[in-house]
Amino acid sequence: MNKNISKVVESKYLIPFILITSLFFLWGIANDMTNPLVSAFKKVMPELSNAKAAFVQLAFYGGYGTMAIPAALFIRKFSYKSGILLGLGLYATGALLFYPAAKYEMFGYFLASLYILTFGLAFLETTANPFILSLGDPSTSTRRLNLAQTFNPLGSLSGMLIAQLFIITLIESNNYSPEAYTLLPEAEKAAIRTNDLGIISAPYIGLGLFIIVIFVLIAMAKIPQKEHHEPIPVRAAVKMLFKNKRYYEGVLAQMFYVGVQIMCWTFIFQYVDNLNAQRAMDNQLTATWFNMAAMIFFFLGRASSTYLMKFFQPARLMFVFALAGMGFMLGTILIGGTFGLGCLVATSVSMSLMFPTIYGIALRNMGDEAKLGSAGLVMAIVGGALMPPVQGAILDIGGGGFSDKLFLGYIPEVNLSFVLPLICFAVVAIYSYRSYRIHLVD
């Protein structure tokens, strides 16, 4: 039991807290408007393998790994506000580049646009997370970040809804089975491809214009600076970070956590497609609605865990959630069917507290050097880039379908591929256990 009576957000920090928390909503939109694109591009461009289609996530989350350290160094030299404005500018630029990508109909151009877009998200996350941790009593910092991160799934729900209403339901290639699509005349396929790529790009262009408006509003606002001294030299700060086991183990755990999140929310579409292949055409499941249900569970889990941290140690609570996630993954892999799909949806409850809790534990009591430490934790988001292609490769073991090969006589490839998320949950469980038993984080 860990009853903490300190205020999560003090009144003097309320306005900057609200302003910075709005950024969590904004990158949630981009994250979950992008997840369905793996499935969408596979349908629009059937020549792509499952692994190549998952390069969408490699490009998206690879931008975090590329830009996290430059973002941290920029913020150390200038200010939080400068980092936010540069991040918003890169975010808008990447989104608007979807227009020429659609015009030239090149998959690589879309990947480049997503890569630049996440340069901006790397700046925003590197800035926002440590800033929220610093706004008040250190004893409530993990709860405060969980509270701010509660608005992230609301943005994610918005992104999912946009993807469903303005991409998935509108692309023409979604009306054909892969076999029927390949049999269409070349001219008709070319027309569908042009139409569908234009549809995919439209929400991103609109998002880019919206981000420009937010840029102007933030530029006009006053963001307080928390530091009033010269920071420790970068080389000395890096040495300090590498000596901190709780920190670098947290970076590793964060990489595996982001991997499990992106895999579960990306490949739920393939999981549903495999179930639909066994169902009548008038009884098909809609993957996006299950993905949105997962996000609602995620939101409820994050809100409830923020409250529970008033009474229970964050590391112990995360350990329980990680064990539950492993149980849900086993149901997804071994039982399958609609029950397995339900387990896959419920997994989001287990994931809900992990990102901010790992962040808070890893950066606990770091002070100003949390800026540089934040870069490592944002770089860890590269787990969302590296792991989906591996899961896609598992899906490709027997061919381009989702159940070309059965394991143990009944487990299709799409089910087996969730062994990777199962391993990721185990890594988070180990870090949680070490945090409260070895690193003694209260």
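Is leucine 161 buried, partly exposed or exposed?

**View 1. Leucine 161 in helix H9 of the predicted model.** Leucine 161 belongs to helix H9, which spans residues 151-168, and with a relative accessible area of 35% leucine 161 is partly exposed, because buried means under 20% and exposed means over 50%. When its neighbours within four places in sequence are set aside, leucine 161 is in contact with Trp289 and Met292. Leucine 58 lies 103 residues from leucine 161 along the chain, and the C-alpha atoms of these two leucines are separated by 23 Å.

**View 2. The crossing of helices H7 and H18.** Two packed helices are described by the angle between their axes and the distance between the axes. For helix H7 (residues 107-134) and helix H18 (residues 354-362), the axes come within 11 Å and cross at roughly 65°. H7 and H18 are therefore roughly perpendicular to each other, since angles from 65 to 115 degrees fall in that class, and H7 passes H18 in a right-handed crossing. On the H7 side the meeting residues are Glu125, Asn129, Pro130 and Leu133, and on the H18 side they are Phe355, Tyr359 and Gly360. Sorted by class, this contact of H7 with H18 has four nonpolar, two polar and one charged residues.

**View 3. The packing of helices H16 and H22.** Helix H16 (residues 314-335) and H22 have axes that come within 8 Å and cross at roughly 165°. H16 and H22 are therefore roughly antiparallel to each other, as angles over 145 degrees are classed in this way, and the crossing in which H16 passes H22 is left-handed. The residues of H16 that meet H22 include Met318, Phe319, Ala322, Met326, Met329 and Ile333, while those of H22 that meet H16 include Leu422, Phe425, Ala429, Tyr433 and Tyr436. Taken by class, the contact of H16 with H22 has 19 nonpolar, three polar and one charged residues.

View 4. A search of the whole structure finds 21 aromatic pairs. One of them joins phenylalanine 74 and phenylalanine 123 in an edge-to-face arrangement, at 5.7 Å centre to centre and with 75° between the planes. Phenylalanine 74 is partly exposed, with a relative accessible area of 23%, whereas phenylalanine 123, with a relative accessible area of 3%, is buried.

View 5. Tyrosine 433 counts as partly exposed at 35% relative accessibility, whereas tyrosine 436 counts as buried at 12% relative accessibility. Tyr433 and Tyr436 are also among the H22 residues that meet H16.

**View 6. An aromatic cluster.** Phe41, Phe98, Phe107, Phe110 and Tyr204 form one aromatic cluster in the predicted model.

How values were computed
Residues are numbered from 1 along each chain as its sequence is written. This is a predicted model: local features need pLDDT of at least 70, side-chain atom pairs count only at pLDDT 80 or more; totals for chains, interfaces and linings use all residues. Side-chain values use heavy atoms; hydrogens and water are left out. Axes are lines fitted to C-alpha atoms, for helices over the stretch in contact, and angles run from 0 to 180 degrees between N-to-C directions. Helices (H or I, at least four residues) and strands (E, at least two) are DSSP runs, numbered from the N terminus. Angles under 35 degrees count as roughly parallel, over 145 as roughly antiparallel, 65 to 115 as roughly perpendicular and the rest as oblique. A crossing is left-handed if the near helix is turned anticlockwise from the far one by less than a right angle, and right-handed if clockwise. Contact means heavy atoms within 4.5 Å. Ala, Val, Leu, Ile, Met, Phe, Trp, Tyr, Cys and Pro count as nonpolar, Asp, Glu, Lys and Arg as charged, and the others, Gly among them, as polar. Rings of Phe, Tyr and Trp (its six-membered ring) pair if their centres lie within 6.5 Å; planes under 30 degrees apart count as stacked, over 60 as edge-to-face and the rest as tilted. Buried means under 20% relative accessible area, exposed over 50%, partly exposed in between (1.4 Å probe, protein chains only).
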